[in-house]
Amino acid sequence: MAARKSPLFDTATTLGKIIAFLGISGLAGVLAAGLLVPVAAAAGTGASASIQFFEELPAELERDALAQPTKIVAADGSLIATLFEENRQPITLDQVSPYMKDALIAIEDYRFYDHGGVDVEGIMGALASNLTSGTERGASTLTQQFVTNVLIDSALQNNETAVFSGDKTVGDKLREMKLAIAVEKELSKDEILEGYLNIVQFSGTSYGVQAASKYFFNVDAANLNIQQSALLAGVVNGPTLYSPELNPEASLQRRNLVIGAMLTRGKITQEEHDAAVATGLDLAITPTLNGCVGAAQAPYFCDYVTHLIMNDPAYGETTEDREKVLYRSGLTIKTTLDPRVQGAAQTAVNETANPDTTDGAVGHTMISLDPKTGSILSMAQNTRYNPEVAQGNTVLNFNVDQFDGGDPTKSLGGGGGFQPGSTYKPFTVAAWVESGKALNQVVDGTKKTYRQGDEWRASCAQGGEFQIQEEDGYTPQNYGDINYRYTSVLDGLAQSLNTITMSSAKQLDLCRIRDMAYDLGVHQAKSAEGEEVAFGFQPSALIGGGGEAAPMSMATAYSGFANDGVVCRPRALTEVTAIDGTSYPVPAVACERKISQDVARGVNYATQRVMTDGSGQLLEYGGIPMAGKTGTNDERSQTWFMGYNSDMVTASWVGNWQAEGPGSSLGGLQIGGQVYPEIDGSLIAGPSWAEFMQQIPGLYVGAPFAAPPASVINGAQRGTTTPTNPGRQTSPAAPGTGTNTGGTGTGGTTGGTTGGAAGDGGNNGNGGNG
């Protein structure tokens, strides 16, 4: 019988296992020599080539700042959302439970405080164990693991290829060892342990012991007990393999192995060991929701903020650079959002058009601005911010433009805007007042057809005029095809009579009306020409059909009225700082006069009449001074209400965001569990705004609007005293017509008596009173 050979002397077996252990090829000898560098130097031994190779490896370990979550916060400091690639909450070593430190060292590197970064004794023990037992025992020290994690983190931050443990070459391994020795010369053992506990991955996106403690047990790392510490110490060896969520049995076995190691190393007593292994996993999974999908409030405002950062070169030259800053540099982004206003808006939006009881084509938004600063106070939307395809889900932000400043390389994630209907009419009134005409001037609002070739003054058009092109001419109609009469421009806006808007515009420059709206902030929400594009100037555009505006741009324009003719650019950011103290520039308050004070006050005088005599008079909103305007497009697919005072401007929109043109009406669609018999801004968007206002009594009440000069109301020749309140007044009658003081009925379907509410007008004359 042949003598049995020891496997240690079985060349083929031994060589294979050594190479398998080292994880490489014929350079195993170089690695072995490198490991013995300290011994070789002391003993004056050879292996000079290998030593030289080892010594030439870099000893520097470039450690970028650890990736940390970004927090977007509201004006009061409350959390809006947390953004991260790696959820990490760095802490100091004295904020870590002693059990956690003992558990990690016991299972990963019990000689941690005895070696110099590379544990030759541990390597030899692991090699012998692997050769004789057929097991796979590692020998990387905690210092080496720290180095590996730093290298991986640095590679990810610099968009380089990270080398993970299973893919390391002999060169990678040598570099790791050399760097580990260098790290030991620069950092204390406690500093290395602290660095490791903050950088290592525990699961998914949970990095560092504090984030892991909160995720798995909802406790701080300082309060981890024996079994919790052991579980986390076991997980780092294989975040997926030993995940207590994915593989609870393997996780429990690994945890108990760690508890056993703690007992063997004298870190706990037998009684503590027995009590700990007798427990279950006892998880309390508490995820930190990532991104705008998991926002604590205002997810669409969160989305808007992230787009602002990603579009701004101040945060990096490339998209990749800006993503790194946004998701890894621990920004604190302070914003203008007022959670009180946001909460009220979101409640109103949900109660009006809850996605669970609303057709998926129906959108509802509410955005509020401070007219004196442009600060965005709220940005609510009825849909769920979720990229998964399902009814009620979308990441499109209906409040904003598609692109920032019309630049197609700077997405804002917007929905493309919507026809504003009769909310566009105040711009004609503004041009009317600017031209020197009085609000109480009577114009012909009877039904008429403007024949083909009929000329309208348009200074921006070829030849300085616009001609009606339709063969059958253009016949604007009022809502319900009624209320055709001579009346004042003031009454015409309050009752939203399309024929009055057309009759007054016939006396003006169409291009000035268009330009005034544009100057105040109204532009095509789909602008992609590198600049913001104005609406059309044809007559039908004057009642809302000349383009599609985002609610933010409509709110901006009305802010110009509220702020006495001064328009402030919308702003969301007030301060942005990184965890390392870097401060990033944010846009300052930027305001500019766009129309005269008298013109703005004239419009406010008229839009207050909407609230007393027109489509807003039935809304119950708290009795504070308010002005407003409803709007509905021809197809009844888009409805609006603009409500404002000197402190806050709010755009409320309800519409079909999935279709335009015939067949896109909101009629027949479920909106908050009901089908509306009439589709009208005064019946859906307006009441939702009123509900919003009822929830914030005492906030943004505004001072009463200043009255315009008497000449703006009655004309210079009248010389009458300026009224302080634009309440109902008898409109001057056209010769032979008598005086008409009646409004239209609710929805504008029938003629009414004093106190009736007007309906909403359409965009091409067929809608009526908006």
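**Buried charges, disulfides and salt bridges in a predicted model**

Arginine 254 is found in helix H12, which covers residues 248–264; helices here are DSSP runs of H or I with at least four residues, strands are runs of E with at least two, and both are numbered from the N terminus. This is a predicted model, in which local features need pLDDT of at least 70 and side-chain atom pairs count only at pLDDT 80 or more, while totals for chains, interfaces and linings use all residues. Residues are numbered from 1 along each chain as its sequence is written, and side-chain values use heavy atoms, with hydrogens and water left out.

Arginine 254 has a relative accessible area of 11%, so it counts as buried (under 20% relative accessible area; exposed is over 50% and partly exposed lies in between, with a 1.4 Å probe and protein chains only). Setting aside neighbours within four places in sequence, arginine 254 is in contact with Ile107, Glu108, Gly234, Asn237 and Tyr242, where contact means heavy atoms within 4.5 Å.

As for the overall picture, the protein has 24 helices and 19 strands. Of its 770 residues, 54% are buried. Among contacts between residues at least 6 apart in sequence, 71% join residues at least 24 apart. The accessible surface comes to about 30700 Å², and 50% of that belongs to carbon and sulfur atoms; the areas come from the Shrake-Rupley method with a 1.4 Å probe, and for residues only the protein chains shown count as cover.

Aspartate 303 is buried yet has no salt bridge, and the nearest side chain of opposite charge, arginine 322, is 15 Å away. A salt bridge here is a side-chain nitrogen of Lys or Arg within 4 Å of a carboxyl oxygen of Asp or Glu; Lys and Arg count as positive and Asp and Glu as negative, with His and the chain ends not counted. Not counting residues up to four places away in sequence, aspartate 303 touches Cys292, Tyr385, Val395, Asn397 and Leu412.

Cys292 leads on to the disulfides. The structure holds three of them, a disulfide being a pair of cysteine sulfur atoms within 2.5 Å. Cysteine 292 is joined to cysteine 302, S to S 2.1 Å. This pair links distant parts of the chain, with cysteine 292 in the loop between helix H13 (270–277) and H14 and cysteine 302 in helix H14, 10 residues apart. Both cysteine 292 and cysteine 302 are buried, and with -75 degrees about the S-S bond their link is left-handed.

The sulfur atoms of cysteine 460 and cysteine 511 lie 1.9 Å apart in a disulfide. Here cysteine 460 is in the loop between strand S10 (455–457) and strand S11 (465–467), and cysteine 511 is in helix H20 (residues 510–520), 51 residues apart. This link is left-handed too, with -75 degrees about the S-S bond of cysteine 460 and cysteine 511. Cysteine 460 is partly exposed at 37% relative accessible area, whereas cysteine 511 is buried at 1%.

Cysteine 568 is bonded to cysteine 591 (S to S 2.0 Å). Cysteine 568 lies in strand S13 (residues 566–568) and cysteine 591 in strand S16 (residues 591–593), so the pair ties together parts 23 residues apart in sequence. The torsion about the S-S bond of cysteine 568 and cysteine 591 is about 105 degrees, so this disulfide is right-handed. Cysteine 568 counts as buried at 2% relative accessibility, while cysteine 591 is partly exposed at 38%. With bonded cysteines counted along the chain, the disulfides follow the pattern 1-2, 3-4, 5-6.

Back to charges: a search of the whole structure finds 25 salt bridges. One of them pairs lysine 189 with glutamate 184, the closest N and O atoms being 2.8 Å apart. Lysine 189 is buried, with a relative accessible area of 14%, and glutamate 184 is buried at 15%. Glutamate 184 belongs to the buried set of H8, which also includes Val170, Leu174 and Met177. Helix H8 (residues 170–186) has 17 residues and reaches 24 Å from its first C-alpha to its last, close to the 24 Å expected at 1.5 Å a residue; the expected span is 1.5 Å times one less than the number of residues.

Aspartate 356 and arginine 384 also meet in a salt bridge (2.9 Å, N to O). Aspartate 356 is exposed, with a relative accessible area of 59%, and arginine 384 is partly exposed at 32%.
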